[in-house]
Amino acid sequence: MAEIRIRNTDDRISGEANVRAFLDQQEVLYEHWNPAKLPTELDNKFVLSDEDKELILTTYSEEIRDLAARRGYHTWDIVALSEATPNLEEVLQKFEQVHTHTEDEVRAITAGRGIFIIKGSDELGYFDVELEAGDVISVPEYKPHFFTLMDNRQIVAVRLFIEKEGWIAHPFEDSSFQKA
Ligand SMILES: [Fe+2]
C-alpha cells in the first residue's frame, strides 16, 4: 500500500484511507489493483519477454479497460526497470528532474517499488508517494513531479496514455525544490 512522506516536515501518512484522502486533496488519483492476481512467476521478474508483458496486460485487462473507459486512455504498455536495464543510471538521471506534461501520468505498479515526487499546494510543498505492487496513481496534467526507483531499484508498471505525444516531459525549473 502506498505511503506518503511530506518533504518539508518529514511527516509520513500511511493506511489506505489516509493515503487516499491526502492524495484526493492534492488532486492525485489513487486506486488499488489486487497484486495477488499476478501469476507468481512474475512476482519478482524484472526482465520481461514480450510474452511476460502480454501476460501482465491480460491479467489486469479488466482493471485496465475499466480505468481507460472512465478516464479516456486509448493505449497502454508495460515498463520494466532494474539493474539489468541498459543505461539505467542515464535513464534515472533523465527521470529525476522536475517536469510537467500536457497529459496526466498514470502508472499501475505490478511488481517492485517506485516513488513519485509531486509538488503539492504552496503551504505543503513537495511530497513523496512511495508505491508498491497494486498501487495505481495518476499525476494530473501540468502538476510538477518526477519519478524514481527505491533502494531495490526494481519496478514493473502498466502505463496508460490518452496519446503518447501528450506524455513528453517539459522541464519545470523550481528553486523551491530541494532534493534528498
Ligand atoms: Fe512525468
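**Reading a predicted fold**

Reader: Is Ile 155 buried or exposed?

Author: Ile 155 is buried, because 25 other C-beta atoms lie within 10 Å, and the cut-off for buried is 20 or more. The model is predicted, and the count is taken from its atoms. Ile 155 belongs to strand β10, residues 155–161.

Reader: Which residues is Ile 155 in contact with, leaving aside its neighbours within four places in sequence?

Author: A contact here requires C-beta atoms within 7 Å. By that test, and with those neighbours set aside, Ile 155 is in contact with Leu 81, Ile 109, Gly 112, Arg 113, Gly 114 and Leu 149. Ile 155 and Ala 133 are 22 residues apart along the chain, and their C-alpha atoms are 8.7 Å apart.

Reader: How many helices and strands does the protein chain have?

Author: The protein chain has four helices and eleven strands. Its radius of gyration is 16 Å, close to the 16 Å that the globule rule gives for 180 residues, so the chain is as compact as a globular protein of that length. Along the principal axes, the C-alpha trace spans about 45 × 35 × 30 Å.

Reader: What share of the 180 residues is buried?

Author: Buried residues account for 28% of the 180. Contacts give another view of the chain. Of those between residues at least 6 apart in sequence, 73% join residues at least 24 apart.

Reader: Which residues does UniProt list for "binding site"?

Author: The record, an unreviewed entry, lists His 99, His 101, Glu 105 and His 145 under that heading. These four span 47 residues in sequence, yet no two of their C-alpha atoms are more than 11.3 Å apart, so they gather at one spot. Such an annotation may be inferred rather than shown by experiment.

Reader: Where is His 101, and what does it touch?

Author: His 101 sits in the loop between β5 (99–100) and β6 (105–119). With 17 other C-beta atoms within 10 Å, His 101 is partly exposed. Not counting residues up to four places away in sequence, His 101 touches Glu 141, Gly 166, Trp 167, Ile 168, Ala 169 and His 170.

Reader: Is Glu 105 buried or exposed?

Author: Glu 105 is buried, since 24 other C-beta atoms lie within 10 Å. Its place is in strand β6. Residues up to four places away in sequence aside, Glu 105 touches Ser 138, Val 139 and Trp 167. Trp 167 is also among the residues that His 101 touches.

Reader: Strand pairing next. How many bridges join strand β1 to strand β7?

Author: Four bridges join β1 (residues 3–6) to β7 (residues 126–132), and the two strands run antiparallel. To read a pairing residue by residue, take one partner at a time. Arg 5 stands opposite Asp 128 in β7.

Reader: And in which sense do β1 and strand β2 pair?

Author: β1 and β2 (residues 12–13) pair in the antiparallel sense, over two bridges. Ile 4 has Ile 13 in β2 as its bridge partner. The two strands form a hairpin with five residues between them, and Asp 10 in that hairpin takes a positive phi near 65 degrees.

Reader: What is the phi of Arg 153, and where does Arg 153 lie?

Author: Phi of Arg 153 is near 50 degrees, again a positive value in a residue other than glycine. Arg 153 lies in the loop between β9 (145–148) and β10, the strand that holds Ile 155. Arg 153 has 17 C-beta neighbours inside 10 Å and so counts as partly exposed, whereas Ile 155 is buried.

How values were computed: Residues numbered from 1 in each chain as written. Predicted model: local features only at pLDDT ≥ 70, side-chain atom pairs only at ≥ 80, totals over all residues. Rg over C-alpha atoms; globule rule 2.2 N^0.38 Å. Buried ≥ 20, exposed ≤ 12 C-beta atoms within 10 Å, placed from the backbone. Contact = placed C-beta atoms within 7 Å. Pairing = 2+ DSSP bridges.
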